[in-house]
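Thank you all for coming.

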Amino acid sequence: MKLIAFTLLDIDEYLQQENTSRVITLFRRVHQTQRMMIGQVTLLETMSPKEYQEIRKKLGNGSGQESPGFRVLLKMYQPIWNSFKTHYLDKHGLTIEKIYDSEYTHSDAYVVAESLAEFDELFQKFRYEHMQLIHRTIGFGSKSLKGRPVEILEEGMRHKFFPELWEIRSHMTDKWGAEYGVKRDPLGGHH
Ligand code: HEM
C-alpha cells in the first residue's frame, strides 16, 4: 500500500504534465502491486478459524480500518481524478462521453482513463478477496473488533473511486439498446 501511495504521487505529477508514457508505465506498477496484494490474501486462508483466534485475541482494539496505507489510498483517488479531469479532459474541451463514445479514437485520455478504471477494479477485487477471507476465518455475521458488523465492509465494496468511468458504459449500452431495438428475431424462425 505504501508503494502504491508513493507511485500515485508520481502519477499525479505526470498527469499534470500530460506525460502519458510515464503515467501508463507507473500505473502498471500500481496494478501489479495490487495484484500481488490480492494474490497474498489466499495464503491467510490456509489458517484455520481456530488458529486465527490466537491472533485475534492479541489484536485488542486494533483494526484494518486504522491501516495507515489503506487510509492514505482512500484519500488519494480524488486528487488523481482531479488532475486527470483538468489536464486530460477540461483543458482540451473533452468529456468522458466524448473519449469513450462520440469522439472515440482510443486517445491518450482514453488510455489513461482505462488505467484509472483498472486501479478502481483491482481495489474492489482486493476488498472482495478480503471479504472472502473474513467469511472463511471469522464468519459472515460476526461483529468486528470495533463492534461494527462485518456487513459494513460490504458498503465499501460498492464504493467506486471513479463512478463516471463506470456510468459511461451503462450509458452507452442503454443507447445501443435504444438504437438497435431490444427485440431480435427468433433463431431459425424465418426462411
Ligand atoms: C484472517 C485475516 C483477516 C481477518 C479475519 C480480517 C478481518 C477484518 C474485519 C472483521 C474488518 C472489519 C473492520 C474492523 O474490524 O474494524 C476488517 C477491515 C479491514 N481489513 Fe482485515 N482481516 C484480515 C486480514 C487483513 C489483511 C491481510 C489486510 C491487509 C493486507 C486487511 C486489511 C483490512 C482493511 C484495510 C480493513 C478496513 C476496510 C474498510 O474500512 O473498508 N485485513 N478486516
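Angles under 35 degrees count as roughly parallel, over 145 as roughly antiparallel, 65 to 115 as roughly perpendicular and the rest as oblique. This is a predicted model, in which local features need pLDDT of at least 70 and side-chain atom pairs count only at pLDDT 80 or more, while totals for chains, interfaces and linings use all residues. Residues are numbered from 1 along each chain as its sequence is written, and side-chain values use heavy atoms, with hydrogens and water left out.

Helix α4 (residues 68-89) packs with α6 at an angle of about 165°, the axes being 11 Å apart, where axes are lines fitted to C-alpha atoms, for helices over the stretch in contact, and angles run from 0 to 180 degrees between N-to-C directions. α4 and α6 are therefore roughly antiparallel to each other. Helices here are DSSP runs (H or I, at least four residues), numbered from the N terminus.

For helix α1 (residues 2-16) and α2, the axes come within 9 Å and cross at roughly 160°, so these two helices are also roughly antiparallel to each other.

What lines the largest cavity? The residues are I4, Q34, M37, I38, L122, F123 and F126, and the elements that give two or more residues to this lining are α2 (20-44) and α6. A cavity is a set of points, on a 1 Å grid over the protein atoms alone, where a 1.4 Å probe fits but cannot get out, and lining residues have an atom within 4 Å of a point.

Lastly, the iron atom of the ligand has a single protein donor, H130 (NE2), 2.1 Å away, donors being N, O and S atoms within 2.8 Å of the metal (3.2 Å for Na, K and Ca), and since water is not among the atoms, sites may look incomplete. H130 is found in helix α6 (residues 108-137).

Key: On a 1 Å grid over the protein atoms alone, a cavity is a set of points where a 1.4 Å probe fits but cannot get out, and a pocket is an open set with protein on both sides within 12 Å along at least five of seven lines; lining residues have an atom within 4 Å of a point.
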